[in-house]
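Here are my notes on the model, point by point. Please read them with the structure open.

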Amino acid sequence: MILLSLVLLMFFAYRGYSIILFAPILAIIASIGGDYAFMPVYSEIYMTKVAEYIKVYYPVFLLGAVFAKIMEDGGLATAVAAKIVSSLGKERAILAVLLGCGALTYGGLSVFVVAFVMYPFSAILFRQAGIPKRLLPATLWMGIFTYAMIALPGTPQIQNVIPTAFFGTTTWAGMVTGLIGSVAYFVLGWAWISYRHKRLAAKGETYGSHTVNEPEPILENLPHWAISALPLVVVVGVNLFMSNPFHWSWAYHWNTGSLEPLKSLKLSLLSPSVDRVQSIWSINIALVIGSLSGIVIGRKRLTASGGIIKPINSGAYSSIMAILNTASGYAFGSVIASLTGFQIIKNALLHLNIGEGPLFSAIITTNIMTAITGSASGGLTIALGMLGNEWLAWAQSIGMQPEILHRIICLASGGADTVPHNGALVTLIAVCGLTHKESYYDVFMLTLMKPAVAFICLGIYSLTGLP
């Protein structure tokens, strides 16, 4: 029944059904014939895990979505994207799109907002350069959902935040490995898409005749790009100051005893230590300050488009669906991990090993789960929910720093996530006005190559011991 529930999860995700509804149903199906009755599985395991996930991560989803909408509606994200694209020009169109997507993603914008902001510039630039439009979804994906989302140390995206609560790390964990992974993802995307452009150009293929969702002319009278970029810099800078990964004396130091007075209240979801939540607190503060700076800088456009309340409400509403989707995936994985019948599979995944430590097991398990769920964050949370504690204990037993475990798992989550039923991919292809038939070939080829990035970093770490 466990295998059936996993297959059904993939099927319903591919068909576009809401995981919020079907995850608990499939969790109950998986438990048939097990040690637990249906309703206890639902109310005491599944819903408890949903509550745990929302309690820890919802502020990041909420504040991140609000920040992204402020940057979007205020024209600030558009101004930054326009400057990057215009500076590099059509001669380096692919590079411009990859860098533009990465700058906005690393600055804290929601990945979906980055897709909507970057698409018009990218499509116009590809048309001017004569690059086939069917290469655009793969280019946008590699710019948004890889190096800047999961690899670059300090990225405020949720995929980089999730492991902090499991391992007590910061978003700056595994800095050298993260930089190597970032370069590997970036070069992989740039090299493949450039290669494909040359091959298609040799056959005489250009941008093509497209009518669906073709971009309108870029907005004029945008804020100055340098001022517009300040909120992005603020988010990264404040996060660095508050999380203090280098233990600078002048940077912020969280009070490690601040949770002690709360223990007398016997709160069921109280974090065991400040180490497990300080990175999330740091991101929350960074996003608040970034949002306030975005409101000040983009106030004219925000006022003209309906006021500050519009992006605040829009971001808040969208964050609810996002957190519920991811929490549902995490709770589903937690139910599966608790079932007696899964222990054989769990032990097999845990004992996958090449070299010392849990890294090989973590890469394989995370890739499997991201492929099944069609989601980097969903697969990441399920993998950590199933084996996170075991991987951490294993790493500590051999003296491996949890920071390298954090970064390798993040890198792995961007490997096999571009399966056809990935919701973000479906949305991205639709935004581009294309179909899977027209554009999925290059995404598929990159899906075959991307898992190699985590293994490359594993190999480098095994040989050098670099963090």
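1. Buried means under 20% relative accessible area, exposed means over 50%, and partly exposed lies in between (1.4 Å probe, protein chains only). Asparagine 244 is buried, with a relative accessible area of 5%. Its phi is positive, about 50°, although asparagine 244 is not a glycine. The residue sits in the loop between helix H12 (230-243) and H13. Helices (H or I, at least four residues) and strands (E, at least two) are DSSP runs, numbered from the N terminus.

2. Some ground rules. This is a predicted model, in which local features need pLDDT of at least 70 and side-chain atom pairs count only at pLDDT 80 or more, while totals for chains, interfaces and linings use all residues. Residues are numbered from 1 along each chain as its sequence is written, and side-chain values use heavy atoms, with hydrogens and water left out.

3. Confidence next. pLDDT is the predictor's confidence in each residue, from 0 to 100. The chain averages 90, and 99% of the residues score at least 70. Among the elements of the chain, helix H1 (residues 2-15) has the lowest mean pLDDT, 78. Helix H10 (residues 175-202) has the highest, 97. Where pLDDT is low, the predicted coordinates should not be read in detail.

4. Is lysine 266 buried or exposed? Lysine 266 is exposed, with a relative accessible area of 71%. It is found in the loop between H12 and H13.

5. Glutamine 278 belongs to helix H13 (residues 278-297). Glutamine 278 is buried, at 14% relative accessible area. Alanine 165 is 113 residues from it in sequence, yet the two C-alpha atoms are 8.8 Å apart in space.

6. Now helix H17 (residues 359-373). Its end C-alpha atoms are 21 Å apart, which agrees with the 21 Å that its 15 residues should span at 1.5 Å a residue. The expected span is 1.5 Å times one less than the number of residues. H17 is mostly covered, with 13 of its 15 residues buried. Just after H17, glycine 374 takes a positive phi of about 65°.

7. H17 and helix H18 (residues 376-397) have axes that come within 7 Å and cross at roughly 145°. Axes are lines fitted to C-alpha atoms, for helices over the stretch in contact, and angles run from 0 to 180 degrees between N-to-C directions. Contact means heavy atoms within 4.5 Å. The residues in contact include Met369 of H17 and Trp391 of H18. By class, this contact has nine nonpolar, seven polar and no charged residues. Ala, Val, Leu, Ile, Met, Phe, Trp, Tyr, Cys and Pro count as nonpolar, Asp, Glu, Lys and Arg as charged, and the others, Gly among them, as polar.

8. H17 also meets helix H19 (residues 402-413): the axes come within 8 Å and cross at roughly 30°. Among the residues making the contact are Ile363 of H17 and Ile408 of H19. The contact divides into eight nonpolar, four polar and no charged residues.

9. Serine 377 lies in H18. It is buried, with a relative accessible area of 10%. Leaving aside neighbours within four places in sequence, serine 377 contacts Ile158, Gln159, Ile162 and Thr326.

10. Finally, helix H7 (residues 136-144): nine of its nine residues are buried. What covers them includes helix H5 (93-106), helix H6 (111-129) and H10.
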